Amino acid sequence: MDVHPPLAKLLITLMAWLFGFKGGSFDFKDIAREYGPENVPYIAMRMLPATLGLALIPLSYLTLRALQTRPTTALLGSLFIMFDNGFITQSRFILLDSPLIFFTALSVFFWIGFSNENEVQRDRSGKVGPFSRRWWAWLILTGLALGAVVSCKWVGLFTIATVGILTVLQLWTLLGDLRVPMPLLAKHFAARAVCLIAIPGLFYMGMFAIHFAILNNSGEGDGFMSSEFQHTLAGHGMEDTYADVMVGSHITIRHLNTQGGYLHSHVSTYPGGSKQQQVTLYPHRDDNNIWAILNSTKPPDGIDPEIHSPPTPILDRHIIVLNHLSTDKKLHSHDVRAPVTEVDYQNEVSAYGFEGFDGDANDHFQIEIDEHTTDTSDSKDARKRLQTLRTRFRLRHLLTGCYLFSHKVKLPDWGFEQQEVTCNKNPSKENGLWFVETNTHAALPVTSKKVNYRRPGFFKKFAELQAVMWQTNAGLTDRHAYDSRPASWPTLRRGINFWVKDHRQIYLIGNPFVWYLSTLSVLAYVGVRGLLILRAQRGYQDFVHSQVVFYDRLCGFLLLGWFLHYFPFFLMQRQLFLHHYFPALYFAILLSACVFDLSTSMLKPRIRLQVAAVLLLLTLYNYWYFSPLTYAGVWTRGQCENAKWMKNWDFSCADFHVNKFEYYPKESPPTLPIDAAESATSTIVDELKPGQNAFDEEDVEKAPMSSGQAERPVEQREQDEVSTKSADIRQALAKDVGAIPAQPGATTAVEPAAVLVPEPEPEPEPEPEPEPEVEEKNIDVEELIHGGDEEAEIEAEIAAEKEVDVEGDEAPIAGLEAPDEELVGRPLPIVEELRVAPAPAPALRIVEEDA
């Protein structure tokens, strides 16, 4: 059930229809449900409130200019609205508040235009002044805007009240002007009555006429409306039914109050109490709503009252039994407390019985026809005998004296949240009345009198819908996680959480500087106005000055609008939220601009601009600071905690990342495929010799493997291979370094980047002897290659190595050939330091570590 007038939703529906939304598949019930899979043109639908929110900025500028403030003041006021985070957030979603605020501002603008035109002296040609074309145009536009604002939400009534009070003041002033004759005064009154009362009223009803024409199908909200109203909806009509209810008739019984639910039962039982079958009130048509109405006395053998002809009518004070057809159990009550309303004067109502059991006295109810509510327009017999749709009656339990009763109390989940039905000993009249909706009997002739619902006209439907909207709106008293009370709004003590996902958040909060400045402006004007009243009482003539009178009228008008759009909320007990303050905030922001205009009226234009620039910079800073909550931007947890200037601001900082870089996940580094292992060896050589390509793949030769080495253990052969390859690489580097002239006593260090190279398959060594451990010191190259067990052998080999000329022919370097598949991916030693001994034959020495 929608508790708001239809204009705003009709406008959003129009945008959806224009952009191809067919409706039906998306019901807009679940918050955070994805629009995409349902092909909902949500961008186009959001475009309407966004456009109206954007139009509010130039409209506020024009309003301030119409109030005869300076251009700087008008620009500053419009920028206050432009950079308010609350207005921005509210305008970015499919919500009703953006159209409401826009039409509120439009009504104010048109009224100011009319008031300005009304104060102009009428010329002889009638082109300006009262009753001129421009005067009528402004007045009619004001009436249309008032009709639009109240057609969006009933908050628009506060705007009508604002204009209405100002209209009364205008007429009161005209009444006191003796130069205005009474016929002219009557003409002024009639013009305002037509344009400011009749036009808004007709506009409002016109929106409901469109609403009824478009929404003419039955839906889930039917249960809130009367049976007559529901009968006008497509898919909810019913065929004519027999008028007279007879013994043996199959009937459906509806509750007169609480949206007219059906007396209903199903196979589920009460979890407590008698644990008999549940009896509830169900708002929709169903086979479980059908009951057979029987006599309390058992019929003679062989007579079936459901087919017996002629049937017996049900008269007033008739004692009956209601048998539930689907479960073959009878309506029953006893001295057991109701399942939810556990009070002494309300008993449980159940359906009871079993095969072969004829029932007992607890199944007996007496018909009591209510003469005051029974419809006798067709026949006065409806007060004497039970007639379908026309007779209103009570059902009194014969043994306990209680009445069949229902109220707006729902059963828990075990009762499917259907409405509770009890037997109340002291019921309210409206909740104890019932009527029969459908009636069939096998023995009634086809020519018997039939009835149906009377179709209500537009005005009856309109009046009923207004009453239901009011009742439903007033019934929204449950607490909400983000509701707030009016006292907290001007100081922005609490916002509304709109959306949280992917460590981002949208939280409705205003621009703190703009809100606090507007609130201070309201307090400042109230304080200054009170001071002027006290001064006037003491004989000061402050109101003689035209400037004081001008700003008093200006600020007084805006304060009145703020007051009437704010203080009525203190009288409401329903759920309230921060966005209810937005219409009042609009007036407060305009008032702050006027206070600025007054405060800087004595300053030089240059200083006034500087003050305005400072105010604008503070506004921009606050807007930027809280923009992540407005646009679901990137924010860290620490920034969020620092932004909680007030302890009541309950946006969730735990939903943000700790660091900003977590919002941008890095790409995983590329891995080296096994097939590319062959190129890794040549890459490392290129890095060791920048600028030179020393080796080609075809130049690399494998060293022959001796039979003795082939027989050595695998671990020793791998260690020999590592030593051999390291030595060959060092020789190649030494040859390259040897091209640089070395100075005596000098040491040249080559420090290439440490790079991991896949270890190739071990190659055979000519010496079969096992290699000793290599010391982690300056080891001769040949010592590293030809390690042995005996010191003499090592010394001989070192002496022989010293005679080798590093300038000689370069031998092929072993170990740089393509690695075998078995050893791909094994690490090779890292070259850390290369030292060259003094000339003439520098010895290459190196320190290395295993990778």
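This is a tour of one predicted model, stop by stop, with what to select and what is there.

**The whole chain**

DSSP runs give 21 helices and 21 strands. Now think about contacts. Among those between residues at least 6 apart in sequence, 72% join residues at least 24 apart.

**The largest nonpolar core**

Select Trp562, Tyr581 and Phe651. These three touch the most other members of the largest nonpolar core, which holds 104 residues. Next, color helix 13, residues 582–599. Helix 13 gives this core its largest share, 13 residues.

Stay with Tyr581 and show its neighbors. Which residues does Tyr581 touch, leaving out those up to four places away in sequence? They are Trp489, Pro490, Trp515, Trp562, Tyr566 and Ala588.

**Helix 3**

Select residues 71–82. This is helix 3, with twelve residues. From its first C-alpha to its last it reaches 16 Å, close to the 16 Å expected at 1.5 Å a residue. Show side chains for Thr73, Ala74, Leu76, Gly77, Ser78, Leu79, Phe80 and Ile81: these are the buried residues of helix 3. The buried residues pack against helix 2 (42–66), helix 4 (85–91), helix 11 (512–537), helix 13 and helix 14 (605–625).

**Helix 7**

Move to helix 7, residues 156–176. Its 21 residues should span 30 Å at 1.5 Å a residue, and its end C-alpha atoms are 31 Å apart, so the two values agree. The buried residues here are Gly156, Phe158, Thr159, Thr162, Val163, Leu166, Thr167, Gln170, Leu171 and Leu174. Show helix 5, helix 6, helix 8 and helix 12 (546–566) around them. Those are the helices that the buried residues of helix 7 pack against.

The whole structure holds 20 salt bridges. Select Lys153 and Asp97 for one of them. Their closest N and O atoms are 3.2 Å apart. Where do Lys153 and Asp97 lie along the chain? Lys153 is in the loop between helix 6 (133–152) and helix 7, while Asp97 is in helix 5 (residues 97–118). The pair therefore ties together parts that are 56 residues apart in sequence. Are Lys153 and Asp97 buried or exposed? Both are buried.

**A salt-bridge network**

Select Arg394 and Asp370. Their side chains meet in a salt bridge, 3.7 Å from N to O. This pair links distant parts of the chain, 24 residues apart. Arg394 is in strand 10 (residues 393–397), and Asp370 is in the loop between strand 9 (365–369) and strand 10. Asp370 counts as buried because its relative accessibility is 5%, below the 20% cut-off.

Salt bridges that share partners join Asp316, Arg317, Glu368, Asp370, Arg394, Arg396 and Lys429 into one network. Zoom in on Asp316 and Arg317, whose side chains meet at 4.0 Å, N to O. Asp316 is partly exposed, at 29% relative accessibility. Arg317 is also partly exposed, with a relative accessible area of 48%.

**A surface patch**

Helix 1, residues 7–18, gives the most to the patch, with three residues. Leu18 is found in helix 1. With 52% relative accessibility, Leu18 counts as exposed, because the cut-off is over 50%.

**Last stop: Gly221**

Select Gly221, in the loop between helix 8 (182–214) and helix 9 (227–231). Gly221 is partly exposed, at 27% relative accessibility. Gly221 and Asp2 are 8.3 Å apart in space, yet 219 residues apart in sequence.

Notes:
Residues numbered from 1 in each chain as written. Predicted model: local features only at pLDDT ≥ 70, side-chain atom pairs only at ≥ 80, totals over all residues. Heavy atoms only, no water. Core = buried A, V, L, I, M, F, W, Y, C linked by side-chain atoms within 4.5 Å. Buried < 20%, exposed > 50% of the residue type's maximum accessible area, 1.4 Å probe, protein only. Helix = DSSP H or I, 4+ residues; strand = E, 2+ residues; numbered from the N terminus. Contact = heavy atoms within 4.5 Å. Expected span 1.5 Å × (residues − 1).
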